[in-house]
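Here are a few notes to go with the model. Have it open while you read.

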Amino acid sequence: GYYDPARDTLYVVERVEEAQLEMVLVHEMVHALQDQYVDLDSLMHANLEANDRSMAAQAALEGHATFAMLEWQLAQLMGDAADLTALPGLEGLLGDDPLAAAGIEMPVLSDAPAVIRESLLFPYIGGLVFVQKHWSGPWGRVPPLGAEMPVSTEQVLHPELFEPGRMDMPTDVRFVDDPPSGWTEVYADGLGELETRILLREFLPSRDEADGAAAGWDGDRFRLLDGPTGEAFLWATVWDSDRDALQFETAVGRALTERYGGSPGAAGREIRVLRGAVARRPVVTVWDLPAELPAPADLETLARLELEEPPPPPTAR
């Protein structure tokens, strides 16, 4: 099913089985109700240019709809009203195989790269866990919509960092300089904690190690450059503490070396991981460069950063 906020229209695919139809309608009608309180179309377009913020917004919206759908399903099974907030937690849904956890059989999605598979499922499964924790906590049973939506996947992954008095707002990371002559910025955005975690999981032997190395994330920005010697990738990350920065520095260096089979040079690449500070904030800068780059100093100015302090967090309603 699909609710189109631009047309105020709810669609259901013809092949949906009758037994599933009501479940689909419950989920999509929640989106229709959300659209009555916030302009979903404008909200979605406002977040398109920021990957991590967009993912967090989707998690709030889809998590809300999935929560309502699951409560409805449980009520049908029990013959009485169900309350998911009474459960201790739903974290088990984010296990090693989120497709199986969600009861979904989709061979194409199962074979897709992890970043595609997990980013498609996260708004539903991660969002469900977030909303359950959100409604069980000091916010009460109020959907986190509009200006009070989460603004980072960090807040979704760690709902306690979205609570009043503990709100952890991400740092806005910006590159100061344009590329030098001969180089073009192909694309720039941020990964956020979720996709940082996915990247590390791909190449580190332990999920716990990968998740722990991503957990101190406080902001990031990457830029993909194209120049005379090929593509160069620059990724600037900000961390909650020096310890978090050191942990990430070690993990990402190992992960990117593993990505190239243990020898980036043999693949024509050079990996640099540099830990430092900007405005007294711990920063780790990651370079993935062509090994034959004749004058890497020409690109060093591209790592100059501006960090903008996060705005004041919203207050509980």
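**Notes on strands and a helix pair**

1. Strands β7 (residues 269-278) and β8 (residues 281-290) run antiparallel and are joined by 10 bridges. Strands here are DSSP E runs of at least two residues, helices are H or I runs of at least four, and both are numbered from the N terminus; two strands pair if DSSP finds at least two bridges between them. Arg272 has Trp287 in β8 as its bridge partner. The hairpin of β7 and β8 has 2 residues between the strands, and Ala279 takes a positive phi near 50° there.

2. A word on the basis: this is a predicted model, where local features need pLDDT of at least 70, side-chain atom pairs count only at pLDDT 80 or more, and totals for chains, interfaces and linings use all residues. Residues are numbered from 1 along each chain as its sequence is written, and side-chain values use heavy atoms, with hydrogens and water left out.

3. Next, β3 (residues 172-175) pairs with β9 (residues 305-308) in the antiparallel sense, over 4 bridges. Arg174 stands opposite Glu306 in β9. Val173 and Phe175 form the covered face of β3, while Asp172 and Arg174 form the uncovered one.

4. Now the helices: α9 (residues 207-214) packs on α10 (residues 242-259) at about 130°, with the axes 8 Å apart. Axes are lines fitted to C-alpha atoms over the stretch in contact, and angles run from 0 to 180 degrees between N-to-C directions. Glu209, Gly212 and Ala213 in α9 meet Gln247, Phe248, Ala251 and Arg254 in α10, contact meaning heavy atoms within 4.5 Å.

Conventions:
Buried < 20%, exposed > 50% of the residue type's maximum accessible area, 1.4 Å probe, protein only.
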